[in-house]
Structure formats: C-alpha cells, structure tokens
Amino acid sequence: MAKLPGVTLSSCEKPMPVIGMGTCSFPPADLETTKTAIIEAIKAGYRHFDTAFAYGSEKPLGEAIAEALTLGLIMSRDELFITTKLWSSFAERDQIVPACKMSLQNIQLDYIDMYLIHLPVRLTGTVFSMPVEKDAIEPLDVKGVWEGMEECVKLGLTKGIGVSNFSCKKLEEVLAVATIPPAVNQVELNPTWQQKELREFCKAKGIEITAFSPLGANNTKWGDNRVMDSDVLAEIAKPRGKTVAQVALRWVYEQGVSLVAKSYNKERMKQNLQIFDWSLSEEELEKISQIPQRKGVTLASILGPHDLVLELDAEV
C-alpha cells in the first residue's frame, strides 16, 4: 500500500494524511467491532484516525493501536495521526486540560496529534441524551476556551489544535484571540453541501478544512442518501468503472480539502483509498458544481431548535 499524501498544517509540525478513518457510528458500535474495524483499516493503509469523547470510540481506538503495535502492523505510534475532540460539557477554561488528559487516558497515548473543539457551544452540566433543554446551552467563551486549548499544546498533550463545526464568523472570533491559530476546521462537506464560502475563507486564513460526512452519512440519524443516490455522481462513476463514493471522495480531495470517511466494511475501506491515480474532468467538475445544495448536519437536529442553536446554524 502506497503511503497516503499528507497536508502541511499551519501550527502542527506533523503532516496530516489527507484521508482519515472516522469512528462515529450510529447506532454506536460495540467496542470489539470498532477495534476490529480500526485494525483492518491500519492493514488497508489508513494512518489518520478521527475520534471524539462524544463518540465513545476513544477506548477501542486505543486498544486497536496497542494491538497493531503488538502485531507489527505499525512500528511506532508516531506513524499514526490521531484526532480527538473536546466535548461541549467540558468547554470551559479550567476543564479543558483535564478533558484532554481523560481522552489521552482513554486512547492510551502520551499525546494527540490534533485536538478540536467539537461544537461552537458550551453545554452546562452532564448531558445524557439529545436534544438538550434550552437552559443547558450557553454561548462559547471563545477566549477562555481557546486559552485552554493552547495550554494543551504548551503542556505537550497535543501537537495541534483546531475546531469543528465553526462558521467564518466563529473562526474570526478565535483568530482575534489566538496566539496559536486553529490548524483545522472539521465540517460537513460533500458534493451536496460544498461550502464554497467557508473553503475560501479558510484557505485565506491558512486553516485546513477536513470534511466529515463526505458521503452524506447515509443510514445515520443526521445524514441521508443525497450523495450515494445522486444521479449526477452515478453518471460520472459508471463509465469510469468507479463507485459513487469514490467520485464523491475524489471531488472533495480536488477541492483542496482533507477528509474522514467512516466505513467498517473491509472492501469499502480499501475502495475509499483508491482515489489518487485518476482525476475528474472540467466537464465533470462543472456538473458536480450544479448539484442542488442543502446542509445535512444542523446543530438544531442534534441539540434542539433553540434560539442560540438556530443562530449558529444560519451562519456561513
């Protein structure tokens, strides 16, 4: 398996592989299923793994890494790029370092490669189910939270820091107070939600966009079949002998965007990596640019249609 291309990040010394494996399942997979899938992904050539405290996949990822080292699938933890996320219940200045240490304990690592703020809100108290009550949601204290993220870098707990689900407006707030600018903004991005304005903003600011749900997160609570059932993508894929998924992932890659794709199916895992030895034509790119656009993942669908949440969803 050829080494995957990497992207250089603004404030993280280690290049990030352009394709990562996502570990967010719906309904949540059991520990053994997740662990086995991650080991298979390492065998297939994946070196970037995306997890989060909220996914419940940090522990199986840690066990998979330990087993991969024992089996000799990788020689060193340093061969891997690990991303995890600060959950909104801990999005407060003095809770961030302990939250990062808790994630490190779960994954059995000394450091994370990329630590992201999961959502641009704070949740008060412990949240056991979604959606949440209106009084459980507060605006994010951007300055305080970013100071906590920077502290994680200074302590060597993470190599890089970034955000997830942040709009141009929210990124401006971070950039205004940051000593270490965010290296990554992980957002929903695919042919049916192309995020052109956000892409241009992040490119100008030196922030790498990582696409989640690059295939539309079909068969999940938050996703649908718009990407996988797209007639436009199917018409491009068929004569090329490619899958719809491969065309969608190649399109994301050609936008200068990295991505995390979740599949626990061995064959599809391999297919998702086979997007580098061919390219889309100008005509095909033009057809994809005409696909009707609609945001799939809204904060309101996760947290509830509260005023603050609807405001954030309306931001570009």
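**Entry 1: the whole chain**

I began with the surface: the protein chain exposes about 14,100 Å², and carbon and sulfur atoms supply 51% of it. Accessible areas come from the Shrake-Rupley method with a 1.4 Å probe, and for residues only the protein chains shown count as cover. I noted that this is a predicted model, where local features need pLDDT of at least 70, side-chain atom pairs count only at pLDDT 80 or more, and totals for chains, interfaces and linings use all residues. Residues are numbered from 1 along each chain as its sequence is written, and side-chain values use heavy atoms, with hydrogens and water left out.

I looked up the elements next: the protein chain has 12 helices and 12 strands. These are DSSP runs, numbered from the N terminus, with at least four residues for helices (H or I) and at least two for strands (E). Of the 316 residues, 54% are buried (under 20% relative accessible area; exposed is over 50%, partly exposed in between; 1.4 Å probe, protein chains only).

**Entry 2: leucine 80**

I found leucine 80 in the loop between helix H2 (58-71) and strand E5 (81-86). Leucine 80 is buried, because its relative accessible area is 0%. Which residues does leucine 80 contact, leaving aside neighbours within four places in sequence? They are Lys14, Arg47, Phe49, Ile65, Ile74 and Asp113 (contact means heavy atoms within 4.5 Å).

I checked the peptide bond from methionine 130 to proline 131: it is cis, with omega near -5°. Proline 131 lies in the loop between strand E7 (121-123) and strand E8 (137-139).

Asparagine 165 is not a glycine, yet has a positive phi of about 65°. I placed asparagine 165 in the loop between strand E9 (158-164) and helix H5 (168-177). Its relative accessibility is 22%, so asparagine 165 counts as partly exposed.

Glutamine 195 is not a glycine either, and its phi is positive, about 55°. Is glutamine 195 buried or exposed? It counts as buried, because its relative accessibility is 15%. Glutamine 195 sits in the loop between E10 and H6.

**Entry 3: the second largest pocket**

H6 gives the largest share of the lining, three residues.
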